[in-house]
Amino acid sequence: MVNLRRLSKFEGELDDLIEDYCSLFQNKYKYSIRYQITNIFTDLHDSRKEGFVLLDDGDPVGIIIYHVDHSVGVIHFFHLKQRYAQITAFKTIFQYTLKKIKQNLPKIVFLTEIFNFGPKQRRTLMAQFDFEEKHRDLYHLDIQRYRQNREPQEGLDFKGVEYENLEKLSEITYFSFAGSMELEVYPVGFERDDFVQQLQNTINGLYGRFLPDYSMEIYHEEELVGMILSVSGGDGIELHQFLLAPRSWGKGYGYAMLDKFIQIIRDRKEYFSVTTMISHDNLKVRRLLENMGLKKMVEIPVFTRILK
């Protein structure tokens, strides 16, 4: 008998589902995303993430993990085993989840690849729930291979992230967001409070263990112009959010801030790689990352919904 159960904690009973997803990802993209997926389930019962498991006679065969802010919902993970990857099962778990996270929630971001459905079928199913397909690119850098290809811009000050500055940072973010999931829906439809909440979520560990020693605020002549937030990625660091005020574009600040970030990682020798995910449409930042030596490893379809 197939039924849904609320998931309130993770104690290893979902290992088979996680392994199935990671294997499908590895086979398709030739890249391991195991740590990032495991990260989603870490401290599930202590975070604001919730979820549902689809059971067949008590055995987990499908899962969805999400969290909800005051006006934004984020679906972190979704997977159905191949045998159960049918339209009925998909709609059952998805409709129930959307009902729980408020059917009329205006902004929902779907961050995970959907396996065991063909591309056309996947787009058709998501369109029925008013989701639009977009793409994110995963970039990777081996720290030991990093080489400066130009002298970084001088005159920037790098300081630790101060929680009380999140309001100021959100104003920058409102106009320009590079990196992480927020760009997938673009600033259109997002309010400043949404960005404040997402910055708080990162610091509070909702996307992985926050690394304050590898996060920074960037100043020019005592003016706050940018920020980097990073989280743990196993033996590497995930550059989760990085931003630069639009008025500071075109001055070499983006290169300088990422160069400083990479130099800190290399000097401390605690981590050995950097990964980050950005919108495929963000050509400006993609060029910057590639100029820094990061390699595009994966292009992942994701889905967003903004109801007018």
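Predicted model: local features only at pLDDT ≥ 70, side-chain atom pairs only at ≥ 80, totals over all residues.
Let's start with a pair of helices: α1 passes α2 in a right-handed crossing. On the α1 side, the contact is made by I18, E19, Y21 and C22, while α2 brings R34, I37 and F41. Sorted by class, the contact of α1 with α2 has 5 nonpolar residues, 2 charged ones and no polar ones.

Now step back for a view of the whole protein. It has 8 helices and 12 strands. Of its 308 residues, 54% are buried. Take the contacts between residues at least 6 apart in sequence: 73% of these join residues at least 24 apart.

M297 sits in strand β12, which runs over residues 295-306. M297 and Y29 are 268 residues apart in sequence, yet 7.8 Å separates their C-alpha atoms in space. Leaving aside residues up to four places away in sequence, M297 touches Y29, Y31, L138 and H140. With a relative accessible area of 36%, M297 is partly exposed.

The axes of α3 (residues 87-100) and α4 (residues 119-127) come within 11 Å and cross at roughly 35°. As α3 passes α4, the crossing is right-handed. The residues in contact are I87, F90, K91 and F94 from α3, together with Q121, L125 and M126 from α4. By class, the contact of α3 with α4 divides into 5 nonpolar residues, 1 polar and 1 charged.

The largest one has 31 residues, and the members that touch the most other members are Y214, I228, F242, F261, I265 and L289. Among the elements that give two or more residues to this core are the strands β6 (132-142), β9 (223-233) and β10 (236-244), as well as the helices α7 (253-268) and α8 (283-291). The largest share comes from α7, with 9 residues. A second, separate core has 26 residues, including A89, L98, L125 and F131.

Not counting residues up to four places away in sequence, Y214 touches I228, S230, I237, F261, I264, I265, R268, E270 and Y271.

Most residues other than glycine have a negative phi. D57, although not a glycine, has a positive phi of about 55°. You will find D57 in the loop between β2 (50-56) and β3 (59-68). Its relative accessible area is 60%, so D57 is exposed. E221 is not a glycine either, and its phi is positive, at about 50°. The place to look for E221 is the loop between β8 and β9. At 66% relative accessibility, E221 counts as exposed.

Key: Residues numbered from 1 in each chain as written. Heavy atoms only, no water. Left-handed = near helix turned anticlockwise from the far one by under 90°. Helix = DSSP H or I, 4+ residues; strand = E, 2+ residues; numbered from the N terminus. Contact = heavy atoms within 4.5 Å. Nonpolar A, V, L, I, M, F, W, Y, C, P; charged D, E, K, R; others polar. Axes fitted to C-alpha atoms, helices over the stretch in contact; angles between N-to-C directions. Core = buried A, V, L, I, M, F, W, Y, C linked by side-chain atoms within 4.5 Å. Buried < 20%, exposed > 50% of the residue type's maximum accessible area, 1.4 Å probe, protein only.
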